[in-house]
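This report looks at aromatic rings and the charges placed over them. Please view the structure below before reading on.

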Amino acid sequence: MTEPGQQNHLCCPGSYFATCQSLVAISFPSLNRNTTRSSAWTVTWSTVLFQSFSSKVSGRAVSSPKEAESKNEDDDSDNHPGAGGNSGTMIVDATCAPSNIRYPQDVSRLNEARESAEKLLDVLHDPADGKKPRTYRQRARKDYLKYVRCRKHTAKMTRKAIGKQLTYLRRALNAVDGKLSLGKSLTTRQMERLDTIRTVYAQQKYMYDNRTHSVPDRIVSLSQPFVRPIVRGKAGKPVEFGAKLDISVVDGWTRLEFCSFDAYNEAGNLQEMAERFREREGHYPSRILADKIY
């Protein structure tokens, strides 16, 4: 207890004072070395400092009315509706779901199409019809292995290998068409595979004749002909193969907004995503976080 007229002093050891200083994180207005006690500091406390210290320790922040008012003005929280009644934040982005396919190369794809056409020919051929049409499959396989076993593939070597595989594939397709013209039939799945092989041949023939490397709706996999190359522009993966997705995240819930195996501009779907948000919540979002392309 102190007598009237005396100032309140708090004497604490040096180590405890350091702990208090780290907790309070303020500068004391008066700090004097006690001349009578060598192991203590004498600190004069004011009402404001004591209030700040007790608030910090109890976990309650004390701020001035001016700071509180400015904080309320700058508050952008999603829980408070805006002037137009809109609230909430919607995060939108586009991504790609890669398909489990081998990286497509023209020579490998033509070789795979040729082998599939030869298997269809084996299904259609009946030994009672006579000798099987010649397709030079052993020679085609030898030419393909000769190309893939080279360490470096020049443009001239690649074009030559593609031309050979196109010739072998065209011969196999002619043999299959000849069997079909005689009344032979294939299952629905085999006919779908045959149509895919014909499309691959037409696309590769077009690119070979016109000396180009792009064609609309290019097939990159015989087993998944619906997969298209998606240009992403990322470092290390400029092109991905799979479905392109538009997703939105609201309150921790992720929704699939749009999905397509064909490449598209995601900026055209932003308005539809905002309208679907209004149908679910009854209002538009106050903020939409997206990339610059949107």
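The charged end of K244 lies over the ring of Y264, 4.8 Å from the ring's centre. A charge counts as over a ring if NZ of Lys or CZ of Arg is within 6 Å of the ring centre and within 35 degrees of the ring normal. Likewise, the charged end of R159 is placed over the ring of Y208, at 4.0 Å from its centre.

This is a predicted model, in which local features need pLDDT of at least 70 and side-chain atom pairs count only at pLDDT 80 or more, while totals for chains, interfaces and linings use all residues. Residues are numbered from 1 along each chain as its sequence is written, and side-chain values use heavy atoms, with hydrogens and water left out.

Searching the whole structure gives three aromatic pairs. Rings of Phe, Tyr and Trp (its six-membered ring) pair if their centres lie within 6.5 Å; planes under 30 degrees apart are stacked, over 60 edge-to-face, and the rest tilted. One of the pairs is F226 with F261, edge-to-face at 4.9 Å centre to centre and 65° between the planes. F226 is in the loop between α7 (188–210) and β5 (229–231), and F261 in the loop between β7 (253–260) and α8 (270–281), so this pair ties together parts 35 residues apart in sequence. Helices (H or I, at least four residues) and strands (E, at least two) are DSSP runs, numbered from the N terminus.

F258 and Y264 also form an edge-to-face pair, because their ring centres are 5.0 Å apart and their planes at 80°.

Buried means under 20% relative accessible area, exposed over 50%, and partly exposed in between (1.4 Å probe, protein chains only).

| Residue | Relative accessible area | Class |
|---|---|---|
| F226 | 43% | partly exposed |
| F261 | 30% | partly exposed |
| F258 | 32% | partly exposed |
| Y264 | 16% | buried |
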